[in-house]
Amino acid sequence: IVHVSSSIVYGVPPSVCVTEQDVAIPIGDYGRSKLAAEKECIKYMQKGLKISILRPRMIIGAGRVGLLTILFDWIKHNKNVYTIGKGNNRFQMLGVHDFVDACIKAVKKGDNQVFNIGADNVPTVREMLQTLVRHAGKKSKVIGTNAFLVRNILRMLDWFKLTPLNIEHYMIADHDYVLDTSKAKKTLGWKPKTTNQQMMQQAYDWYVAHEQELRHDLKSDLPAQGLLKVLRAVS
């Protein structure tokens, strides 16, 4: 069995480059549910079942955009792009096809082990966004905000369900979040082929091609509009 967990089980990154040995301390319901599922897997490992546990970073690519639709909408319409914090932190992601490749390799070589999975050569958030804006041919500017203020405002809005973000988004957004993937490379023979910039561009191009299908949801997404107002106010 290959169990898809998440790097979010680590909570706020415990080190500069997170390893599988770092203690998992999730800060939200999603992370806690993933860690609980891992513990169930470990119980069955001890009974003889062969299970690989993968902890991927944020998985994106063509057709996989999620909350990035908010960011892509800003860029598509030449709006400024706001970051939580100054954007000088590195935030690792993972390409869809690289993740699938890791799953396939884990079937054959990953018995009863935990593996971090993420992209190589991770740029800063600011660099990544500026590269995406150039790729899109737009005039959006990347603008940093006061992370302390944003986190506290979003925490309040999250309580009233008035933001598309939850605690596992805004509490880590200004932190370096890079996994050490050396174990997966050595044990599974796995290596990521897609960089953060490439997967962001693939996801953005897919969004542009399907924007009309998503337009109704974006217009009716009041929490997303509220988020933009908050970021503008504290920039």
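How many residues does H1 have, and how far does H1 reach from its first C-alpha to its last? In this predicted model, H1 has 17 residues and reaches 24 Å between those two atoms, close to the 24 Å expected at 1.5 Å a residue.

**The faces of helix H1**

Gly31, Lys34, Leu35, Glu38, Cys41 and Met45 are the buried residues of H1. Viewed down the axis of H1, these buried residues fall within an arc of 110 degrees, so they line one face of the helix. An α-helix has 3.6 residues a turn, so residues three or four places apart point the same way. The face of H1 turned away from the buried side carries Asp29 and Lys39, which are exposed. The buried residues of H1 are covered by several elements, including those in the table.

| Element covering the buried residues of H1 | Residues |
|---|---|
| strand E1 | 2-4 |
| strand E3 | 52-56 |
| strand E7 | 113-117 |
| helix H6 | 167-170 |

Gln21 lies in the loop between strand E2 (17-18) and helix H1 (29-45). Gln21 counts as exposed because its relative accessibility is 64%, and the cut-off for exposed is over 50%. Although Gln21 and Phe115 are 94 residues apart in sequence, their C-alpha atoms are 10 Å apart in space.

**The packing of H2 and H8**

Helix H2 (residues 68-76) packs with helix H8 (residues 196-209) at an angle of about 75 degrees, and their axes are 10 Å apart. This angle makes H2 roughly perpendicular to H8. H2 contributes Leu68, Thr69, Leu71, Phe72, Asp73, Ile75 and Lys76 to the contact, while H8 contributes Met200, Ala203, Tyr204, Tyr207 and Val208. The residues of this contact comprise nine nonpolar, one polar and two charged.

Notes: Residues are numbered from 1 along each chain as its sequence is written. This is a predicted model: local features need pLDDT of at least 70, side-chain atom pairs count only at pLDDT 80 or more; totals for chains, interfaces and linings use all residues. Side-chain values use heavy atoms; hydrogens and water are left out. Helices (H or I, at least four residues) and strands (E, at least two) are DSSP runs, numbered from the N terminus. Buried means under 20% relative accessible area, exposed over 50%, partly exposed in between (1.4 Å probe, protein chains only). Axes are lines fitted to C-alpha atoms, for helices over the stretch in contact, and angles run from 0 to 180 degrees between N-to-C directions. Angles under 35 degrees count as roughly parallel, over 145 as roughly antiparallel, 65 to 115 as roughly perpendicular and the rest as oblique. Contact means heavy atoms within 4.5 Å. Ala, Val, Leu, Ile, Met, Phe, Trp, Tyr, Cys and Pro count as nonpolar, Asp, Glu, Lys and Arg as charged, and the others, Gly among them, as polar. The expected span of a helix is 1.5 Å times one less than its number of residues. The arc is that of the directions from the helix axis to the C-beta atoms.
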